[in-house]
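Here is a short tour of a two-part topic: how the chains pack, and how they meet. Please have the model open as you read.

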Amino acid sequence: MRRFILPFVLFICFFIISFITYKQLFSHGFVFEEWQNYGEIQVLNSVIPANFQLSPVDILLGRRRIIGTLLSNYIMLHFGNNAFPYALVSIVGQTINAFILYYISKRIFRKKTIAISIAMLFITIPISYEALAYFATSLQTIFSVSFYLLSFSCLLIFVDIKKEIYIFLSFLLLYISILFKESTVFFVPILFLTAFYMVVPPKKRVLYLSIIIFLIVSVGIIGAVKYSQSYHALYGLHQFSPITTIVNMGIYPVITISHFIIPERFIIKLGTYYVNNHYPFLGWISPDIYHFIYSSFAADIISLFVGIFIWIVVSYSFIFSKRKKMFIFLLLLYFVSFIPIALAQQQRSTGFLERRYYYPVDAAFVLLIFFCFESCYKKLLTIVKKRYIKITVTTLLVCLLLFIYLKNIAVVHGELADQVATSERIRTLVSQIHIAHPVIPKNPIFYIEQGQDLFPNYGTGYMLGLIYAGSHNVPEALLLSDNVNSPLYYAKEIWKKDFEGYLVDKNEAIGFFYNKKSLKSFMDKNKNLKDQLVGYRLSEGTIHGLSHDQVMSVVEQKE
Amino acid sequence: MKIFSKFLRIDTVFYAVLLIIILFTYKGLFKTFFQQDEWASMGIVLGHNTLLANFSDYSIVQLLAGNGRVLGSFITVIFDRYFPFEVAPFVLFALITHWLNALLTYGIVKRITRNKYIGFLSALVFATLYESSGALTWISAHTTALPNCLFLLLSMYLYFKYLDSKKNKYKFFSYVSFIVSLLFKESSLFMIVEYPLLDIIFNSQKKNILLLIKQHVVVFVYCAFMVISRYVQLKSLGANSGVFVTKDSNVFTSILLHAASYPVTSFSQTFIPSQLLFKVASYYQMVSYSFLNTHPLQTAIQTIIVSDILSTWLTLILLLGLGILWFISKKERKFLLFCVLFLFLSFLPFIAIDKPFSSYLDSRYYYIASVGAAMIVGAYIAAVVDVGKRYSLILQVILASFSVIVVLLFCWKNTQFIRRDITQQIFIADDRKNFLNQVKTLFPEIPNKPIFYVTGDSPGFYGLANLTIPFQQGFGYTLMVWYWKSGKIPAELLNNFYLWNLYEEGYKEENGKGFGFFWKKDDLIKAFRSNPNLRQQQVIGLFYKGSTKDVMNITDQIREELQ
């Protein structure tokens, strides 16, 4: 019984820290793709999306993130657009991952204090906050990493006690992880190489390795490219280019290490300062791209400079380290963690990657950094002879760690505050729209004077369709993900913010107008559609309903 | 026979080979001509008519503190005074100095590695490196950057002698040589850090910081004297100082940023010709920052910011490679560390300068850095040989041969780039010489108080649409220098740099003499209207026909229009 007390206490502690860090998630609502999922599930009334017609091979290959998506949809089916369960799942998932990482760290470092520190850093690291806050994929991302970490811990057990069952378990867990989300696929070569290293006797390693290298070289770049392309096709990546992927693989791990340590806002602030001082002429040469220069070039330069410094520290730690094999393993793990990102995010619009993509790399990063930290610390203790200096140094380091945790939590709060405000705005609008017109006619034609820019990510017409998805009066073709050929398919015109018009597909239709003249001109030609009109009035940011007569008076008003 | 065999020892062969390679690479320089600042130096020398022409603005204390680059300026004055409009003395001086610099690089690397061949390869890299070739291809830098580097290397070489023999006379001459180098140009100021570094890295005796400062107190005191003097001079110049140093209002912030970024970006740039880097940068931009692909400023951003990022990447890669060598080669660690630090530190004297519209500093600023680059190549080969030696003789031979081939190819490619640049310069020089000779042929004598009106039909030179003649400085000043012998040019105008700026025009009289230059006809007519003392006979009209490169006499036509 006593054996379980400490883990239980730790789990509770990690949960509390996760809760403190991410408590704002409970105020967070749907912002982006969650609305699409919501619309589709409301129409289908099923956890299986419309584009889920998969063959058994597809299912086995983890296409469409089968487990993750089904679980996520199950929550959505039962809770609608209530984001509370997602917030809870994110926080519990984060706790579970921190807890598994604690065990991994304990196995690697053989010290509970370091393991706890690592788990806490993992929880509070601000860069990947989006993995938890982006509810459209949060469950997939978080539990994919959970199974990857479980796979990792099985691998470590296998390395320690050399029982083959653990390597089998490791592969199995990793497979489940990929069924949640493909972003942990990078662990496959690591698992394979470690298994090879452990299972093949030393004398035969050279022979087998030669055969493998020969095979790899024979297949060569073409094979690699083909693999990448199949990965591309399999997981629906866009804009794939092998050269870009290779360049990305060189750039991302080196630059990104500074993003883990320095908050994005601070990097941009430094970058702005750097650009203003270093390239002052760019301000007047090209004001239109100054923003891009700040957020991409300047951020990259600062990240690179900081990155160089960090990598020099890492190199020095490597020299001091007495466990070089483990060091190389963690270094390799960190680098290969970027393979899925290099494939998925071919182009960056700023100097930073999509925040949620960092999540699978977090574990490798914290382990690597603490490994460096431990090596340097041990070296420092061998140099410093006096006891009081040792105590002072240790105290300072503990204080530094605490400061980092607190700062990280503050950064996460800052980042989430923006998103919460956005989602709050969306939520308010949605409820105002519902209150204004709880019921809408079949094939509605919405009208909101100057209401084209109400929602941050989608055009108002499409959002209105999503909001009323449950009424079944909105065209299904608009809400389902497999209607690519339909003129109502969501990724077409209606998604755009400046869209207004009337779209028809077979017996279904939807219209949206934000311009009085456009509506009038449309209705003049289609007088028989007047019963489909649903009007709203936007007054000081609040939406009120317009009665049918009021809308008709707008339509019939003489110029 | 004994003397003959001594003469033919391998060192002598190396010296000869280096000389031949330098002559082969830079021989085209003899066919070049004055570019820009050379005209200003020449004008000052002619205007003052004394060997102390460049020093009248400075006090003795300022001159001793290196203001006015006293020694370099003095050599320039001698050349300009005794060989006017001749580039040959400058070029000869530059090539000899460059050769001596290569020999000193050879000597230093040989001293550190105890290997003549590695020393030779380093010297070869130094002699042929493209990125620093601006110090040789720009005549104005010949008498400053090159001897500055010569005495810097000499001071290092002598300090190594001191470390080997512990004889104080070497140390003394090393310091003297260092101070002399500063009197040529302030680029060697970073030796203030290098001296203690040499002690820390190569002196086996125990050392602490206070002892090191005490040991090099002469260097510290002189450098402090120099920096304070320069600061006072810049303060006194006020707004004009912006011509030489960073124009940013927050100078210290800029200097700090430059101190962090210049060494990092310039480290790799020293090895890589700018054309090549810009090409790769354009590709890198298209892959990593594709949102700029259609932007009109795409090229400018590629050559400035993207090249900066790429250079930093390349520095990181180079450091990684050198770090791996450092890790596996125990014997050459000191050398690797020294030359990497040397290369980084060599950029510190330039942190007060803003870069032009490019990621690269001006080419001549890489001259001292090229010694560091050459030493890095030497250290790389030495380390590779050392690593190979540990395993087998065959591996050692393979690694050494491979490295040598790579280095030779690198040198050959750099030589090609340099020769290509010089060929371009020769074309430009021919145009300028041709222009000036035609002017002299058309007007061997000029009237009193001459007023030149020069125009043309060229679409523009050096990217400037309004520039119709192939000169990159005020052509009025150039004409004053060119016609100085006529005795009709006012010396005061030359000394005050009248008409020096590119589009400057006007007319001025001093002490009964006068000179005018116009490139806009309207301005010439206005000048005649506003000054009734001007006569049509003073005017000389020239027209440059860009397609045939002919200068035509349009004097009569202009004089008629002025009536």
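This is a predicted model: local features need pLDDT of at least 70, side-chain atom pairs count only at pLDDT 80 or more; totals for chains, interfaces and linings use all residues.

Residues are numbered from 1 along each chain as its sequence is written, chains are lettered from A and ligands numbered from 1 in the order in which they are written, and side-chain values use heavy atoms, with hydrogens and water left out.

- Chain B is divided into domain 1 (10-33 + 87-425) and domain 2 (443-561), with bounds taken from an automatic or database domain assignment.
- The C-alpha centres of these two domains of chain B are 42 Å apart.
- Phe187(A) is in contact (heavy atoms within 4.5 Å) with Tyr148(A), Ser151(A), Phe152(A), Leu155(A), Leu174(A) and Leu333(A), leaving aside neighbours within four places in sequence.

**Where the chains meet**
- Chain A brings 34 residues to the contact and chain B brings 32 residues.
- The buried area (accessible area, with a 1.4 Å probe, that two parts lose on being put together, summed over both) is about 3,000 Å² between chain A and chain B, and carbon and sulfur atoms give 76% of it.
- Asn277(A), His278(A) and Phe297(A) supply 20% of the area that chain A buries against chain B, more than any other three residues.

**Rings and charges**
- Over all chains there are 89 aromatic pairs. Rings of Phe, Tyr and Trp (its six-membered ring) pair if their centres lie within 6.5 Å; planes under 30 degrees apart count as stacked, over 60 as edge-to-face and the rest as tilted.
- Phe260(A) and Phe365(A) are stacked, at 4.3 Å centre to centre and 15 degrees between the planes. Phe260(A) lies in helix H12 (residues 242-261) of chain A and Phe365(A) in helix H18 (residues 359-383) of chain A, so the pair ties together parts 105 residues apart in sequence; helices are DSSP runs of H or I, at least four residues, numbered from the N terminus.
- Phe260(A) and Phe365(A) are both buried, meaning under 20% relative accessible area (1.4 Å probe, protein chains only).
- Ring pairs also link Phe11(A), Phe14(A), Phe99(A), Tyr102(A) and Tyr103(A) into a cluster.
- The charged end of Arg419(B) sits over the ring of Phe24(B), 4.2 Å from its centre; the rule asks for NZ of Lys or CZ of Arg within 6 Å of the ring centre and within 35 degrees of the ring normal.
- Lys166(B) lies over the face of Tyr162(B), 5.6 Å from the ring centre.

**Two residues of chain B**
- Ser122(B) lies in helix H7 (residues 116-128) of chain B and is buried, with a relative accessible area of 0%. Among the residues it touches are Thr105(B), Ala374(B) and Met375(B).
- Leu361(B) lies in the loop between helix H18 (333-345) and helix H19 (367-391) of chain B, and is buried, with a relative accessible area of 4%.

Conventions:
Buried means under 20% relative accessible area, exposed over 50%, partly exposed in between (1.4 Å probe, protein chains only).
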